[in-house]
Amino acid sequence: MHRPVIAPTPDSPASQAVGLDLDGTLADASAGWMGGRIGLPLPGAMEALRVLTASRAVFVYTARPRHFLPEVADWITWYSGIAAFVDPSPERAYWTTVGGPILVTSTKLGAAAYVDDRAVHHAGNWNDTLATVSRAIGLDRAGVPLPA
């Protein structure tokens, strides 16, 4: 099942944005991120970031603790050439600035699309979605752990 095109419209702030995960999506996460390390950009990631930023508001979200976010913003600016800054608003629900800068946040804001290495697409059928999630976390259809 394909998703419909979500055109940016002034009455829908979420339609104007794309959210990108950091670790494992933009940055290589094979070395882990504890201690604040950020891996090198994954192949094609910075080019994709530039293309998306030219037509939509882009934010990068991460599960990293908030005190690491300035390093994430610096990393994005260094590798992409697009200014990035840490979200100063804990109450923000949307990001709508097309063309940059890129917002860095630990909050998943409203968006037309999300890109995340751990995501499972839900296309309206919970049987399919549950099967996919169950396989990803090592459960069979009945919720019983699969042998390691």
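Leu109 is in contact (heavy atoms within 4.5 Å) with Phe59, Arg92, Ala93, Tyr94, Trp95, Leu103 and Tyr114, leaving aside its neighbours within four places in sequence. The residue sits in the loop between β4 (102-105) and β5 (113-115). At 1% relative accessibility, Leu109 counts as buried. Buried means under 20% relative accessible area, exposed over 50%, and partly exposed in between, with a 1.4 Å probe and protein chains only. Thr132 lies 23 residues from Leu109 in sequence and 24 Å from Leu109 in space, C-alpha to C-alpha.

The model is predicted: local features need pLDDT of at least 70, side-chain atom pairs count only at pLDDT 80 or more, and totals for chains, interfaces and linings use all residues. Residues are numbered from 1 along each chain as its sequence is written, and side-chain values use heavy atoms, with hydrogens and water left out.

The protein chain has 3 helices and 5 strands. Their order from the N terminus is β-α-β-α-β-β-β-α. Helices (H or I, at least four residues) and strands (E, at least two) are DSSP runs, numbered from the N terminus. The C-alpha trace spans about 45 × 40 × 30 Å along its principal axes. Of the 148 residues in the protein chain, 34% are buried. Among contacts with a separation of 6 or more, 63% come from residues 24 or more positions apart.

Two packed helices are described by the angle between their axes and the distance between the axes. Helix α1 (residues 45-55) and helix α2 (residues 69-80) pack at an angle of about 95°, with their axes 10 Å apart. Axes are lines fitted to C-alpha atoms, for helices over the stretch in contact; angles run from 0 to 180 degrees between N-to-C directions. α1 and α2 are therefore roughly perpendicular to each other. Angles of 65 to 115 degrees count as roughly perpendicular. On the α1 side, Met46, Leu49 and Arg50 take part. They meet Trp75, Ile76, Tyr79 and Ser80 in α2.

Thr53 also lies in helix α1. It counts as buried, at 4% relative accessibility. Beyond its neighbours within four places in sequence, Thr53 is in contact with Val58, Ile82, Val98, Gly99, Gly100 and Ile102.

The protein chain exposes about 8800 Å², and carbon and sulfur atoms supply 60% of this area. Its side chains include 11 positive and 13 negative ones. Lys and Arg count as positive and Asp and Glu as negative; His and the chain ends are not counted. The centres of the two sets lie 2 Å apart.

Key. Areas by Shrake-Rupley, 256 points an atom, 1.4 Å probe, with all protein chains shown as cover. Charge placed at Lys NZ, Arg CZ, Asp CG, Glu CD. Parallel < 35°, antiparallel > 145°, perpendicular 65-115°, else oblique.
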